[in-house]
Amino acid sequence: MGGQTDPRSPDAPLEKCEAMEKIYNVLGKKWMGPIVDVLRQRPAHFTEIATTISISKRMLSARLKELSEIGVVERDESEGEILYSLTEAGKELGASLDLLRDWAIEHMMD
């Protein structure tokens, strides 16, 4: 790599870990994982998401905004219908969440 440390390496300078810290800070918030899981199944209306995971509309609105701001969720409005879906980046994130879930089940469950 021409003398540069791979930012994914455990030997990377701490400032290179900023991206990891940012995603942990977002995904570590309550409801983020369940929202992404719902949208991994298919695009959904706001009320469908709220009903499926029993989240308040105010909280869902805030979480969808945060996920949209980091490029994970997109809002599509056509013919008066609003659907939320994962972006390509969101789909990639979903695959990473599967790995984390598998690890947690193997190593953190009694």
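**Exercise 1. Work out how lysine 29 is placed and what it pairs with.**

Step 1: start with accessibility. Lysine 29 is partly exposed, at a relative accessible area of 34%; the label covers values between buried (under 20%) and exposed (over 50%), with a 1.4 Å probe and protein chains only. Keep in mind that this is a predicted model, where local features need pLDDT of at least 70, side-chain atom pairs count only at pLDDT 80 or more, and totals for chains, interfaces and linings use all residues. Residues are numbered from 1 along each chain as its sequence is written, and side-chain values use heavy atoms, with hydrogens and water left out.

Step 2: look for the partner. Lysine 29 makes a salt bridge with glutamate 66, with 2.3 Å between the closest N and O atoms. (A salt bridge here is a side-chain nitrogen of Lys or Arg within 4 Å of a carboxyl oxygen of Asp or Glu.)

Step 3: Helices (H or I, at least four residues) and strands (E, at least two) are DSSP runs, numbered from the N terminus. Glutamate 66 is buried, at 16%.

**Exercise 2. Follow the salt bridge of aspartate 98 to its network.**

Step 1: aspartate 98 bridges to arginine 40, the closest N and O atoms lying 2.8 Å apart.

Step 2: check the distance in sequence. Helix α5 holds aspartate 98 and helix α2 holds arginine 40, 58 residues apart.

Step 3: compare accessibility. Aspartate 98 is partly exposed at 26%, and arginine 40 is partly exposed at 31%.

**Exercise 3. Describe the largest nonpolar core and the surroundings of isoleucine 35.**

Step 1: count. The largest nonpolar core has 20 residues, and Ile35, Leu39, Ile49 and Val73 have the most contacts inside it. (Such a core is a set of buried Ala, Val, Leu, Ile, Met, Phe, Trp, Tyr and Cys residues joined through side-chain atoms within 4.5 Å.)

Step 2: find the suppliers. At least two residues each come from α2 (32-41), α3 (46-53), α4 (57-69), β2 (81-86) and α5 (88-108). Helix α2 gives the most, with 5 residues.

Step 3: zoom in. Leaving aside neighbours within four places in sequence, isoleucine 35 is in contact (heavy atoms within 4.5 Å) with Ile49, Ile53, Ile55, Leu60, Arg63, Leu64 and Leu67.
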